[in-house]
Amino acid sequence: MLLGWIGLIDPVRPEVPDAIARCAEAGIGVRMVTGDNPGTALTIARGLGLEVTEAQVVTGAQMTDLAGQPEQLAALVLGGRVFARIEPVQKLEIVRILAASGELVAVTGDGVNDAPALEAAHIGVAMGVAGTDVARGAADLVLADDNFASIVAGVEEGRVTYANVRRIVIILLATGIAEIGMFIGAVVLGLPMPLTAVQLLWLNLVTNGAQDVMLGFGRGEGDELRQLPRPPSAPILDRSAIALMIPPALLMTGLALYLVAGMQREGRPLAEIQNAVLLMTVLFQNVYVLCMRSERRSIFREPVLSNAWLLLGVGIALALQASAMLWPPLGGVLGTSPVTAGTLRFCLVATVATVIVTEATKWTVARVRRLAASGSS
């Protein structure tokens, strides 16, 4: 005699559907692999927000039937979004097929039977709370909260960090090119050296030490997950990065040489010339790093406090340079002193020119990217 029914359900965690949607925005394809019944798996997948048709549900039996036909098996796996009644060895086969097709594969799991797939994936992510020791040992990352949304947050943080590192590299190379260009240009044109060795060391200390490293504290532009994934083989210094650094660097080199030549014609002392070049170079690096808080967004659209640490770093750099010019003991070591009103005006005009050239370069690079993206699509 039937006495009653017992129903069990493992509800979807409330934060997961939003995390799935953010994966789709980020260009990350999500596939569900489970040992559940195909109907149950399809219902759960749709509850997660995955747009899955019945034809995209692949079963372990289907994979077994195609075990001797690798091309058909690969086509089946690549077309699947939900995999049901899957055996542990088939999880490993799915990972290998996806990886062989050029996909960068991340696998999540918590059981012993997930270990082979976790180890074979490019990135294995194990559950730290419910996960077994075997799964954690096979994984590259372990989630402390067993939350899929934490993976998405980690992807976003990784993209922000990469973008910050890339911008720091661009700034360091651009300013380094400008400084080297000053000296090479001075030698070629028969001009005096624009900076002394001590001033060059001071410049790197003030700008790189006080402000450039602060760029790494940027919180991102807020749309990192709406950008397409970067190919793993893509270099950090691609054509767009080189384009962003060359025009400002050439401008700085040209302005410095113009200032040296002009002050030399006026009969100014060498110490005064080098003092003026040092101030202009510091100001150039101040505004350049502020412009480069974003590669795509204009400095005028970037929130003022998007990176408060960077503003602090720029303030410290300016304060240190002002101290070098106004405090005689430090000025005696560096060969610095207050500049004339005319020199200060020229330096300020140079900073405005730097903003214009940098912003024009950013706009051009962004436009070329958009045209390339629309052409490829």
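**Notes on a predicted model**

1. A residue to begin with: V314 sits in helix α12, residues 308-326. (Helices are DSSP runs of H or I with at least four residues, strands are E runs of at least two, and both are numbered from the N terminus.) V314 counts as buried because its relative accessibility is 8%; the cut-offs are under 20% relative accessible area for buried, over 50% for exposed and partly exposed in between, with a 1.4 Å probe and protein chains only. Leaving aside residues up to four places away in sequence, V314 touches Q211, N286, V289 and L290, where contact means heavy atoms within 4.5 Å. From V314 to A210 it is 104 residues in sequence, yet 7.1 Å in space, C-alpha to C-alpha.

2. Before going on, some housekeeping. This is a predicted model, with local features needing pLDDT of at least 70 and side-chain atom pairs counting only at pLDDT 80 or more, while totals for chains, interfaces and linings use all residues. Residues are numbered from 1 along each chain as its sequence is written, and side-chain values use heavy atoms, with hydrogens and water left out.

3. Now the overall shape. The protein chain has 14 helices and six strands. The C-alpha trace spans about 110 × 40 × 35 Å along its principal axes. As for burial, 42% of the 377 residues count as buried. Take the contacts between residues at least 6 apart in sequence: 67% of them join residues at least 24 apart.

4. Helix α5 covers residues 88-100; its 13 residues reach 19 Å from first C-alpha to last, close to the 18 Å expected at 1.5 Å a residue (that is, 1.5 Å times one less than the number of residues). Q90, K91, L92, I94, V95, I97 and L98 are its buried residues. Their cover includes strands β1 (32-33), β3 (82-84) and β4 (106-109), along with helices α3 (60-65), α4 (70-79) and α6 (115-120). After α5 comes G102, with a positive phi near 105 degrees.

5. On to L259, in helix α10. L259 counts as buried because its relative accessibility is 7%. Its contacts, not counting residues up to four places away in sequence, are A276, V277, M280 and F346. L259 and F346 are 87 residues apart along the chain, with 8.4 Å between their C-alpha atoms.

6. L259 and F346 also turn up among the lining residues of the second largest pocket, which has a volume of about 160 Å³. Two or more lining residues come from each of α10 (239-265) and α14 (341-376), and α10 gives the largest share, five residues. The lining divides into four nonpolar, four polar and three charged. (Nonpolar is Ala, Val, Leu, Ile, Met, Phe, Trp, Tyr, Cys and Pro; charged is Asp, Glu, Lys and Arg; the others, Gly among them, are polar.)

7. Lastly, the structure holds one cavity of 30 Å³ or more. The largest cavity has a volume of about 80 Å³, and its lining includes R167, R219, R293 and E302. That lining has one nonpolar, five polar and four charged residues. On a 1 Å grid over the protein atoms alone, a cavity is a set of points where a 1.4 Å probe fits but cannot get out, a pocket is an open set with protein on both sides within 12 Å along at least five of seven lines, and lining residues have an atom within 4 Å of a point. Grid points are joined across faces, edges and corners, and volume is the space filled by probe spheres set on them.
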